[in-house]
Amino acid sequence: MAPLVDPYDGAVGEPVVGGRKVLRAIVVEDEDDDAFLLLRELKRVFDAHCELVSTPERLREALSRGPWDIVISDWSLPSFNGLEAFEIVREMGEDLPFIIVSGTIAEEAAVQALRAGVHDFMTKGRFARLVPAIERELRDARVRREKRLAEQRLAMQRVETERSERLLRSVLQAVPDGVIVVDAEGHIVVWSAGADAIIGMPRAEIELSEWPSHYGIHLSDRKTLASREDLAIAKALTGVAVDREERFLRNAKVSGVWLSVSARPLRAADGSITGAVGVFHDTTQERSAQEQLMISDRMASVGMLAAGVAHEINNPLGAALLNLEIAHEILGESPERAAESELRASIVDARSAVARVHAIVGDLRIFSRHEDGAAVSADVRSALESSLRMAFNEIRHRARVVKDYQPAPIVSGSEARLGQVFLNLLVNAAQAIAEGNIDANTIRVATRTDEVGRAVVEVSDSGSGIAAEALPHLFSPFYTTKPPGIGTGLGLPICQRIVTQMGGEIHVESVIGEGTTFRVLLPAAAPTGPSSGHAAHAAARAPTSLRRGRILVVDDEPMLAAAIRRVLVSQHDVVTTTRAVDALDKLRSGATFDVIFCDLMMPQVTGMELYARIESEFPEHASRVVFLTGGAFTQAARDFLARVSNPTLEKPIDRNGLLALVSERVKASSCSGGG
Ligand SMILES: Nc1ncnc2c1ncn2[C@@H]1O[C@H](COP(=O)(O)OP(=O)(O)OP(=O)(O)O)[C@@H](O)[C@H]1O
Ligand SMILES: [Mg+2]
């Protein structure tokens, strides 16, 4: 804004030339003699610059060429009178001193003129009063001008103040963050709209010490109510700058909001603290994104570990299982020998022990599978059974397991992930029961169908129970009452995520000292045709083949290759190798095979690479490849299996399944003229 300038400033009577004050005057007069006398009088006292006018037009024109210090006017002129001259001056917006000097004026007219605002009135020829009157009028005019300017400045300041207040108000209205300003005593001076929105309640005229309980301000453990000293704004009042402190807000209006709070002291020019400003924003969403990431991380690392262990155990396990079955069969041919019946019993036991290891490894592997939710269906009971096996170690010193299985529908989703849900619930149940009093405690698992056809799975325990105030937090990541190393507080959030992804719900009921029930509700899968299952199962009851087949087994685990050979050798000719290059050499030297068993994950040349070579060099053999997998856990391997139509056999290999598959494929290859 342009600064206010007084056009008269310093000019009015002030400049002094040759010891005399400058006076710029308009003289309204038509009589030359009178004008002469007046001008002479003025020039005697002032350094006077006068303009003589005698018509309204000339007066207007002279005024427009201002600035002027004064107008001295005759009362009666031929074309107008003194009052009209005065009106012209006012009309042109001039607050010029206006003095009438007249020879003839009725008293009445004089009164009229003074009423209209003419500043003074005197008779011609009596100049004794003129100069003091002019000086007084100049002084008064200056005072008037100064007052006017001061008023104008004040008005503009008011406008300016109003404008900045409006700006501040609209900023406070617009910022999504909460902004609060308090004075030195902690009374609220500013409270932004964002503060209302985040806190969920309006400002209250209360002491700072009452803020935590009134607004529900908690420390970052989410449980401890903050004290006055914990408030960022209170710290700032003591001169401390606070940056991004985490606070948790829970009150009647908001059920849980994370805040990042900063505050600064406000100081007067002398440095004394006059108040404090606090700024805070809602970080709940950022936090939950971060938490989801940590949950995914944990799920991924458990999956990786499980898949790795499963893969390592599978090969030796497969060999052991097949060899035990062969041994059992050989013995089975001579049942009359008594000494061997002991041996047979041992083998049966060993086989069932190995079968249990097989089941556990299978359970481990379900953690690493990445079935896409919609495509697969899961049996809640089998997921529950496998979780029970895995949690058995946690449970067995604490409680008896009671099973109440009523029919429940197949649900759509991954059995692996469902297994994770039940495992977390069972481990929690076990951990809620103290060790040692097995007979007095139970963990009950139940399945049934609810009234709208959903599968219901309940895991109940007779453990400690959960306090009512803890219930709302159970599914929040990192909420745990267990010591570090025992609990991370991710179990239930993972459960909830998996269950909701499957379109289901998870609920909890608990009574302190009596126990807890977690209930999982899952929508039934849409009905489908008969399950396709694994090739091995589909072919399990295929008729034996008519001729001896030629079989190639490529697996980097020699024990497993040898075991497969032993199973097949009575009915087929079997060649084994541990290296993909040897397999290619055999094909290149002209050998043909009805079935090529090929391990998918081999260290040098993988099964996928071997398949690509066979496909390009011996295309007629490509469809005869059967892949052996120990849990295809790389993405490349999963993609590969999804792309090719060849059958796969999962390790550990089932003996009957293997025989049936080979018979079927040898027969098929005979029909297509392959052998
Ligand atoms: N069956 C239960 N009985 C009593 N308290 C339970 C039960 N299940 C869960 N809780 C309570 O809920 C909290 C959160 O469980 P959650 O499974 O999410 O984490 P955690 O078991 O503490 O740790 P993590 O599962 O990550 O090892 C537990 O710390 C415990 O206080
Ligand atoms: Mg847990």
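## Helix α15 and the sheet

In this predicted model, helix α15 (residues 558–568) lies across β20 (550–554), β21, β22 (595–599) and β23, with contact meaning heavy atoms within 4.5 Å. The helix runs at about 180° to β21; axes are lines fitted to C-alpha atoms, for helices over the stretch in contact, and angles run from 0 to 180 degrees between N-to-C directions. Helices (H or I, at least four residues) and strands (E, at least two) are DSSP runs numbered from the N terminus.

The five strands form an open sheet in the order β21-β20-β22-β23-β24, paired in parallel, where pairing requires at least two DSSP bridges. Because β21 (573–577) and β24 (648–650) are edge strands with a single partner each, one side of each has no neighbour in the sheet. From one strand to the next the twist averages 20°. Three bridges join β23 (residues 625–629) to β24 in the parallel sense, and F627 has T648 in β24 as its bridge partner.

## Ligand 1

Around ligand 1 are 23 residues (a heavy atom within 4 Å), of which N428, T480, T481, K482 and T488 come nearest. Helix α13 (491–501) gives the most to this shell, three residues.

Polar contacts are pairs of N or O atoms within 3.5 Å. A side-chain N or O atom of N428 is 2.8 Å from an oxygen atom of ligand 1. Backbone N or O atoms of G489 and L490 each lie 2.9 Å from a ligand 1 oxygen atom.

## Basis

Residues are numbered from 1 along each chain as its sequence is written, chains are lettered from A and ligands numbered from 1 in the order written. Local features need pLDDT of at least 70, side-chain atom pairs count only at pLDDT 80 or more, totals for chains, interfaces and linings use all residues, and side-chain values use heavy atoms, without hydrogens and water.

Conventions:
A polar contact is a pair of N or O atoms within 3.5 Å; within protein, one must be able to donate a hydrogen and the other to accept it, and residues adjacent in sequence count only if both atoms are side-chain atoms.
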